[in-house]
Amino acid sequence: MKEEAYLGIDIGSISTKGVILDANRRILSSAYIWTEGDPIGAVRRLLTLLEEPFDKERYQIVATGTTGSARRLVGTIVGATIVKNEITAHAVGTTSLYPDVRTILEIGGQDSKIILVENGVAVDYAMNTLCAAGTGAFLSSQARRLGVEVEDFGEIALTSKHPTQIAARCTVFAEYDLVHKIQMGHPKEDIIAGLCRAVVSNYLNNVGKGKKILSPVVFQGGVSKNIGVVDAFEKELGCPVIVDENGHLMGAMGIAILAARSSARQEFDFSVENMEFRTREVNCGRCPNNCEIVCVYQGETLIDSWGNRCDKGALRQKTPAEKRGA
């Protein structure tokens, strides 16, 4: 008999992550790709990458979980046995590796969040709203302005002796201040170090505002790979900040673990990566809510829909008897 394995997919606006775990929570396969505005296409590419190193002769995926901004869409496509929000998934993934964690800092490409944990359970959280000054997208845009690869930001920042003070209230003010400091002749390494500090300052004054940040602290998301930002967090918080080598996969790991814990079981078949899916939005119009309902089709068959706020907008696949008019 084959050993059980569990698939977790975390699909966001910028990146899509996936892992396959065995019963001992060991990673059998993992992948990290850009979503590129096409969640369905991203999932196909992700599954291809996950399938290649996966030992199908030894393991069978018996449960699948999805999380992230497109979790319902992707969950429908892959036949997920569990669908959960990213706060829950990140908390579960992180506490599985760091049971004593009290604070989870997460900064991605376009969003950021903070999760407070007590006894292994998420008890409070906050996410960024409108400002992008505390995200990876902000650092990437400033890297292009400075003619530096964003991957080199961290190493350069650590060479600075006098980081430049850069306004961190919002993206517009930060960019204006950055241009001004460049014109004043501030060294590039000081400006880059200042940008890393600005990201931390913006994060703590917005996402972390009013939150009691306790150690141990785990930092994850794409920006956690920037050692300049890690250093700025440690200086600001006055405590060590843990960055795990698989920090970018924590959401996918968490939802895979939740799938394993759930009693729901459904064998996963990688042939889904070759299936054609499409989505369509329709306005219900059956009541004053006029809900926008998202429908997922495989060919001409309606697989699932969501977005309705009452039963009048409930769409579902017709049964064989209904199709015959019985």
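Helix H7 (residues 188-206) lies across strand E6 (103-107) and strand E7 (112-118), running at about 125° to E6. Here helices (H or I, at least four residues) and strands (E, at least two) are DSSP runs, numbered from the N terminus. Angles run from 0 to 180 degrees between N-to-C directions, with axes being lines fitted to C-alpha atoms, for helices over the stretch in contact, and contact means heavy atoms within 4.5 Å. A quick note before going on: this is a predicted model, where local features need pLDDT of at least 70 and side-chain atom pairs count only at pLDDT 80 or more, while totals for chains, interfaces and linings use all residues. Residues are numbered from 1 along each chain as its sequence is written, and side-chain values use heavy atoms, with hydrogens and water left out.

E6 and E7 belong to an open sheet of five strands, in the order E8-E7-E6-E9-E10, with mixed pairing. Strand E8 (121-127) and strand E10 (241-242) sit at the edges with a single partner strand each, so one side of each has no neighbour in the sheet. Two strands pair if DSSP finds at least two bridges between them. Strand E9 (residues 217-220) and E10 run parallel and are joined by two bridges; Val 217 has Val 241 in E10 as its bridge partner.

## The three-stranded sheet

There's also an open sheet of three strands, E11-E12-E13, with antiparallel pairing. Its edge strands are strand E11 (278-283) and strand E13 (301-306), and each pairs on one side only. On average, neighbouring strands of this sheet are turned by 30° against each other, direction ignored.

Look at E11 and strand E12 (residues 292-298): they run antiparallel, and six bridges join them. Asn 283 stands opposite Glu 292 in E12. Helix H2 (residues 71-78) lies across E11, E12 and E13, and runs at about 150° to E13.

## The largest pocket

Pockets and cavities are found on a 1 Å grid over the protein atoms alone: a pocket is an open set of points with protein on both sides within 12 Å along at least five of seven lines, a cavity is a set where a 1.4 Å probe fits but cannot get out, and lining residues have an atom within 4 Å of a point. A volume is the space filled by probe spheres set on the points, with grid points joined across faces, edges and corners.

The largest pocket holds about 960 Å³ of space. Its lining has 39 residues, and Tyr 32, Gly 108, Gly 109, Gly 222 and Val 223 lie nearest the centre. H4 gives the most to this lining, with six residues. By class, the lining has eleven nonpolar, 17 polar and eleven charged residues. (Ala, Val, Leu, Ile, Met, Phe, Trp, Tyr, Cys and Pro count as nonpolar, Asp, Glu, Lys and Arg as charged, and the others, Gly among them, as polar.)

## The cavity

There is one cavity of 30 Å³ or more, and the largest cavity has a volume of about 40 Å³. Residues lining the largest cavity include Ile 40, Leu 47 and Phe 277. H1 gives the most here, with four residues. The lining divides into six nonpolar, no polar and two charged residues.

## Salt bridges

A salt bridge is a side-chain nitrogen of Lys or Arg within 4 Å of a carboxyl oxygen of Asp or Glu. The whole structure has twelve of these salt bridges. One joins the side chains of Glu 3 and Arg 58 (2.9 Å, N to O). Glu 3 lies in strand E1 and Arg 58 in the loop between helix H1 (39-51) and strand E4 (59-67), so the pair ties together parts that are 55 residues apart in sequence.
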